[in-house]
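Work through the following exercises with the sequence and the coordinates at hand, and try each task before reading its solution.

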Amino acid sequence: MQCALYDADRCRSCQWITRPVSDQLSAKMDDLRQLLAEMPVGEWCAPVSGPEQGFRNKAKMVVSGSVEKPLLGMLHRDGTPEDLTDCPLYPDSFAPVFAVLKPFIARAGLTPYSVARKRGELKYVLLTESQRDGGMMLRFVLRSHSKIEQLRAALPWLQAQLPQLKVITANIQPVHMAIMEGEEEVYFTGQQALGETLNDVPLWIRPQSFFQTNPTVAARLYATAREWVRGLPVQHMWDLFCGVGGFGLHCATPEMKLTGIEIAPEAIACAKQSAAGLGLTNLHFQALDSTQFATGQGEVPELVLVNPPRRGIGKALCDYLSEMAPPYIIYSSCNAQTMAKDIAHLPGYRVERVQLFDLFPHTAHYEVLTLLIRR
């Protein structure tokens with residue numbers, strides 16, 4: 001993939017961009033095989049990749065510059081701003097939104113936040129697009145409430161220019177640290193969740209809920225998990241660290257009992273909305289800590305699916321899973337290093353199947369799906 005920003009040495013986020021995608025996949029597979037070298041693997045499935053550009057459904061833009069001439073992009077380590085609105089990872093549909101946002105920031109009087117001076121209001125602009133209908137969610141991350149009414153008054157102009165904006169919010173992040181968002185969300189639209197559809201499964205994205213940024217490959221990931229689960233004798237399943245319910249909603253059948261656990265209430269609200277839309281009444285989603293939930297249960301499901309953050313599930317949950325001994329575990333990981341450590345703490349299981357999903361082209365990162373079967 002060609003990128004003018006990379007060629008000009010203005011952005012190095014895509015460190016592998018000069019390597020052909022086939023070479024990137026080979027390097028990632030070599031890394032995964034090395035991490036699992038101590039564990040016999042029953043089947044290595046072919047890696048899954050998607051488009052090499054225009055695949056991102058989300059932009060996280062640091063706002064810098066001046067209120068008259070804002071820049072949307074990132075800050076280098078020395079504090080120098082870089083405008084990334086021409087990044088080829090974003091789809092073409094993002095360009096007209098960025099073009100309108102810049103004059104809107106001036107029109108609304110949203111002074112970009114200066115890290116060096118600890119002054120200003122607008123810290124980030126977060127944009128998410130739905131593949132279902134092209135609808136978008138736009139979030140302004142502000143330092144305080146001082147510009148809320150000013151922003152609200154200016155929004156009709158923005159909405160007239162960009163009718164695809166279905167959800168618009170302001171997030172309040174008052175801390176002088178590189179933290180993307182705060183706890184408080186102020187809604188400017190009646191609609192509070194962006195509708196998405198992957199593999200004919202309706203999903204919902206709320207402002208503070210996690211959603212995969214590469215929907216093409218994510219759809220393949222969810223479909224593969226569904227295929228694996230449907231091939232197992234499973235009537236009762238846990239979906240831990242479930243997020244908005246992508247895995248559980250794909251894998252569930254009307255007869256199956258499924259419990260989804262996620263610590264973020266916003267994500268659980270999305271999962272419940274999707275379950276209701278599918279008419280699945282035997283799905284139960286709860287906003288709890290996954291480890292605390294699992295270790296406090298007495299019943300044993302046939303399958304536990306885990307999709308933890310980069311830190312993995314940890315030894316405490318591994319020990320409990322070993323003790324409760326469900327017949328099957330499916331582990332989806334964005335950090336194969338911590339996954340390999342976790343599997344090493346599950347000695348009662350063998351690795352039946354492994355598949356790599358290239359959710360993060362042009363970087364060393366990847367997602368991996370692993371099926372574990374009790375020995």
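Contact here means heavy atoms within 4.5 Å. The model is predicted.

**Exercise 1.** Locate Cys11 among the secondary-structure elements, decide whether Cys11 is buried or exposed, and list the residues that Cys11 touches, not counting residues up to four places away in sequence.

*Solution.* Begin with the position: Cys11 lies in the loop that runs between helix 1 (4-7) and helix 2 (21-35). Next comes accessibility, where buried means under 20% relative accessible area; since Cys11 has a relative accessibility of 12%, Cys11 counts as buried. Finally, with residues up to four places away in sequence set aside, the contacts of Cys11 are Leu5, Tyr6, Met74 and Leu84.

**Exercise 2.** Which residues does UniProt list for "binding site", and how far apart are their C-alpha atoms?

*Solution.* The unreviewed UniProt entry lists Cys3, Cys11, Cys14 and Cys87 under "binding site". These residues span 85 residues in sequence, yet no two of their C-alpha atoms are more than 10.5 Å apart, so they gather at one spot. One of them, Cys87, is located in the loop between strand 4 (81-83) and helix 3 (94-108), and Cys87 counts as buried because its relative accessibility is 18%.

**Exercise 3.** Which residues make the nonpolar surface patch of about 250 Å², and where is Val175 found?

*Solution.* The patch is made by Val175, Met177 and Ile179. Val175 belongs to the loop between strand 7 (165-172) and strand 8 (184-187), and with a relative accessible area of 36% Val175 is partly exposed.

Notes. Residues numbered from 1 in each chain as written. Predicted model: local features only at pLDDT ≥ 70, side-chain atom pairs only at ≥ 80, totals over all residues. Heavy atoms only, no water. Patch = residues over 30% accessible without salt bridge, like charges linked within 9 Å, V, L, I, M, F, W, Y side chains within 5 Å. Areas by Shrake-Rupley, 256 points an atom, 1.4 Å probe, with all protein chains shown as cover. Salt bridge = Lys/Arg side-chain N within 4 Å of Asp/Glu carboxyl O. Helix = DSSP H or I, 4+ residues; strand = E, 2+ residues; numbered from the N terminus. Buried < 20%, exposed > 50% of the residue type's maximum accessible area, 1.4 Å probe, protein only. UniProt positions renumbered as here; feature names shortened; annotations may be inferred.
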